[in-house]
Amino acid sequence: MPDFSYCKLEIFVPASHFSAVQTALAESDAGHIGAYDQCLSYSPVTSFWRPLAGTHPYLGTENTLCQAEEFKVEVTCRTEQVDEIMQAVKAAHPYEEPVINVIPLYRTSF
């Protein structure tokens, strides 16, 4: 079984909160690659979701299919940092249920 020392995080965030999430990632040392830090990529995406009964959505209306433009942020981190980084992102993120995908990386360029 391979040892996954690094992970990639995919974080979906509205543009209005991109800077706050970027700061949270930097302060928790996500995106530290060799002699560089604060390394990340982002791209615009169109997302769909339907808030179910009892939710309090930041965007959208309960029981209605919603659509909005947001950013997909991608950043690499050490696997041992994932829990700390996820807490920092959630504290900066406006969504009730932020989408944060953690993907183990078998190999990286560093």
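## Two helices, four strands and a few selected residues

The secondary structure of the protein chain amounts to 2 helices and 4 strands. The model described here is a predicted one. Read from the N terminus, the elements follow the order β-α-β-β-α-β. The protein chain has 110 residues, and buried residues make up 33% of them. Among contacts with a separation of 6 or more, 72% join residues 24 or more positions apart.

Helix α1 covers residues 18-27 and helix α2 covers residues 82-92. The two pack at an angle of about 155°, and their axes are 9 Å apart. An angle over 145 degrees counts as roughly antiparallel, so α1 is roughly antiparallel to α2. The crossing of the two helices is right-handed. On the α1 side, the contact is made by Ala-20, Val-21, Ala-24 and Leu-25. On the α2 side, Ile-85, Ala-88, Val-89 and Ala-92 take part. Sorted by class, this contact between α1 and α2 has 8 nonpolar residues, with no polar and no charged ones.

Gln-81 lies in the loop between β3, residues 66-78, and α2. Is Gln-81 buried or exposed? The relative accessible area of Gln-81 is 14%, and buried means under 20%, so Gln-81 is buried. Leaving aside residues up to four places away in sequence, Gln-81 touches Ser-28 and Asp-29.

Asp-29, one of these two partners of Gln-81, is found in the loop between α1 and β2. With a relative accessibility of 33%, Asp-29 counts as partly exposed. Thr-46 is 17 residues from Asp-29 in sequence and 28 Å from Asp-29 in space. Ile-103 is 74 residues from Asp-29 along the chain, and the C-alpha atoms of this pair are separated by 17 Å.

Thr-46 itself is found in strand β2, which covers residues 41-49. Thr-46 counts as partly exposed, at 39% relative accessibility. Which residues does Thr-46 touch, not counting those up to four places away in sequence? The contacts of Thr-46 are with Gln-67, Ala-68 and Glu-69.

Ile-103 belongs to strand β4, residues 100-105. This residue, Ile-103, is partly exposed as well, with a relative accessibility of 31%. Ile-103 and Phe-4 are 99 residues apart along the chain, and their C-alpha atoms are separated by 9.6 Å. Beyond residues up to four places away in sequence, Ile-103 touches Tyr-6, Cys-7, Lys-8 and Glu-10.

Cys-7, one of those partners of Ile-103, leads on to the cysteines. How many disulfides does the structure hold? The structure holds 0 disulfides. Cys-39 is in no disulfide, and the nearest cysteine sulfur, in Cys-77, is 13 Å away. Cys-39 is partly exposed, with a relative accessible area of 24%. For Cys-77, the closest cysteine sulfur is that of Cys-7, at 5.5 Å. A disulfide needs the two sulfur atoms within 2.5 Å, so the sulfurs of Cys-77 and Cys-7 are too far apart for a bond. Cys-77 counts as buried, at 3% relative accessibility.

Gln-38, in the loop between α1 and β2, has a phi near 55°, which is a positive value in a residue other than glycine. Gln-38 is exposed, with a relative accessible area of 52%. Asn-63, in the loop between β2 and β3, has a phi near 65°, again a positive value in a residue other than glycine. Asn-63 is partly exposed, its relative accessible area being 43%.

Conventions:
Residues are numbered from 1 along each chain as its sequence is written. This is a predicted model: local features need pLDDT of at least 70, side-chain atom pairs count only at pLDDT 80 or more; totals for chains, interfaces and linings use all residues. Side-chain values use heavy atoms; hydrogens and water are left out. Buried means under 20% relative accessible area, exposed over 50%, partly exposed in between (1.4 Å probe, protein chains only). Axes are lines fitted to C-alpha atoms, for helices over the stretch in contact, and angles run from 0 to 180 degrees between N-to-C directions. Angles under 35 degrees count as roughly parallel, over 145 as roughly antiparallel, 65 to 115 as roughly perpendicular and the rest as oblique. A crossing is left-handed if the near helix is turned anticlockwise from the far one by less than a right angle, and right-handed if clockwise. Contact means heavy atoms within 4.5 Å. Ala, Val, Leu, Ile, Met, Phe, Trp, Tyr, Cys and Pro count as nonpolar, Asp, Glu, Lys and Arg as charged, and the others, Gly among them, as polar.
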